Amino acid sequence: MTSVTKQLSFGLIGCGRIAQRHVKMMEPYGQLRAVCDIIPEKAAALADKYNAHSYATIEAFLQHEKDLDLVAICTPNGWHAQHSISCLEKGFHVLCEKPMALSVTDCRLMMAAAEQNDKLLFVVKQNRYNPPVVAVKQLLEKNALGKISSMQLNCFWNRSAAYYRPATWKGSLDMDGGILFTQFSHFMDLVYWFLGDVKNLHAYSGNFLHENEIAFEDTCVVIAGFLSGVLGTMHFTINSYDQNMEGSLTLFGEKGTIKIGGQYLNELEYQHLAGEKITDLPPGNPPNEYGHYTGSMSNHDKVYAHVCAALLSDKKITTNAFDSMKTVELIEKIYAAAKQATGS
């Protein structure tokens, strides 16, 4: 981790499961000073543990907190934009959980607020730090795979009815947004990071096994053509029986074929390259555990290392807001195409 010369003051809005991960990763860089949650008991419990101030509304949080260096936004997806903008306008740097927002319009408003207030806006992109992902990105930057002709992305996870009960923001269109926002936005980020913009696409979606739990799809399939000429297919589902099965990305290039797999893009499953091979990958972090289900790799330690390095020493931002907006743009394009396909 980065050596720290100044202790940072942190705030946190939203005290759910992922907030616990954020607080733990803040510790090497400073102190948690203030927390906020609309369920006062959650905020109070976290505040008591870390000797922080506790608030039940963001209005009270912003009114009383003056000297925070960074605020982590861990609220439901539909509030990311509003809460981030409020903190940026108050004069705090912001680290927003994924997805950045539920629309490109909101993403642009967030970026404008950061620019107008001369503050940094970071977005959690934890899968970029998975060892095989880092290695493949380096190959692409060196053109070691040559011209990429096609790609395949598979996201086969399980989210049972129990995940959506008791009724919370999960599963709602306005707060959750869909499986591409909540479950698979990290995967969408890597599609853009590796291959750039999509030129056109066709998509189909349906809700097969979660009709009583969610207001959107549980399965989506996509055929895409990228501006670079790459052709791709993507298959997203939360209907993998009983447990997560796979999260994989395969690239077919003129100088090699490579597949990142495992459940969370955490394993190098296949490589056959004309040139150098990927060897001696360091072990990745374990996935986030949430009781009855697991999520993406727990790389928040690396997220905070890079965020705090940017705050303390003006190092390059590796989780920039523009890339995060492009991820939301891709998701919006897919949902628009799926809606058009069904005529709804």
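I looked up S150 and found it opposite F252 in β11. S150 also stands opposite L231 in β10. For these entries, strands (E, at least two residues) and helices (H or I, at least four) are DSSP runs numbered from the N terminus.

The model is predicted, so I kept to its limits: local features need pLDDT of at least 70, side-chain atom pairs count only at pLDDT 80 or more, and totals for chains, interfaces and linings use all residues. Residues are numbered from 1 along each chain as its sequence is written, and side-chain values use heavy atoms, with hydrogens and water left out.

**Sheet**

I next followed β7 (residues 148-156) to its partners. Strands count as paired if DSSP finds at least two bridges between them. β7 runs antiparallel to β11 (residues 246-253), with 8 bridges joining the two. Within that pair, I noted L249 of β11 as the bridge partner of L153. With β10 (residues 231-237), β7 pairs in the parallel sense over 7 bridges.

I then traced the whole sheet, which is open, has 7 strands and shows mixed pairing. Its order is β8-β9-β10-β7-β11-β12-β13. β8 (198-206) and β13 (267-273) are the edge strands, each pairing on one side only. Neighbouring strands are turned by 10° against each other on average, direction ignored. Axes here are lines fitted to C-alpha atoms, for helices over the stretch in contact, and angles run from 0 to 180 degrees between N-to-C directions.

**Helices on the sheet**

I listed contacts as heavy atoms within 4.5 Å. Helix α6 (residues 131-141) lies across β7, β11, β12 (256-261) and β13, and runs at about 155° to β12. Helix α8 (residues 185-195) also packs on the sheet, where it touches β7, β9 (219-226), β10, β11 and β12. The direction of α8 makes about 170° with that of β7.

**Helix α5**

I checked the span of α5 (residues 104-116): its 13 residues reach 18 Å from first C-alpha to last. That is close to the expected 18 Å, the expected span being 1.5 Å times one less than the number of residues.

For burial I used relative accessible area: buried is under 20%, exposed over 50%, partly exposed in between (1.4 Å probe, protein chains only). The buried residues of α5 are V104, C107, M110, A113 and A114. Their cover includes α4 (80-90), β5 (93-96), β6 (121-123) and α10 (321-342). Just after α5, D118 takes a positive phi of about 55°.

**Backbone**

I found a cis peptide bond between K98 and P99, with omega about -15°. P99 lies in the loop between β5 and α5.

L265 has a positive phi near 55° though it is not glycine. L265 sits in the loop between β12 and β13 and counts as buried, at 1% relative accessibility. D280 also has a positive phi near 55°. D280 lies in the loop between β13 and β14 (287-289) and is exposed, with a relative accessible area of 76%.

**Cavity**

I took a cavity as a set of points, on a 1 Å grid over the protein atoms alone, where a 1.4 Å probe fits but cannot get out; lining residues have an atom within 4 Å of a point. Grid points are joined across faces, edges and corners, and a volume is the space filled by probe spheres set on the points. The count is 1 cavity of 30 Å³ or more. The largest cavity has a volume of about 70 Å³. Its lining is Y192, G196, D197, V198, K326, E329, L330 and K333. α10 gives the most to this lining, with 4 residues.

Key. 1 Å grid on protein atoms, 1.4 Å probe; cavity = no way out; pocket = protein on both sides within 12 Å on 5 of 7 lines; lining within 4 Å.
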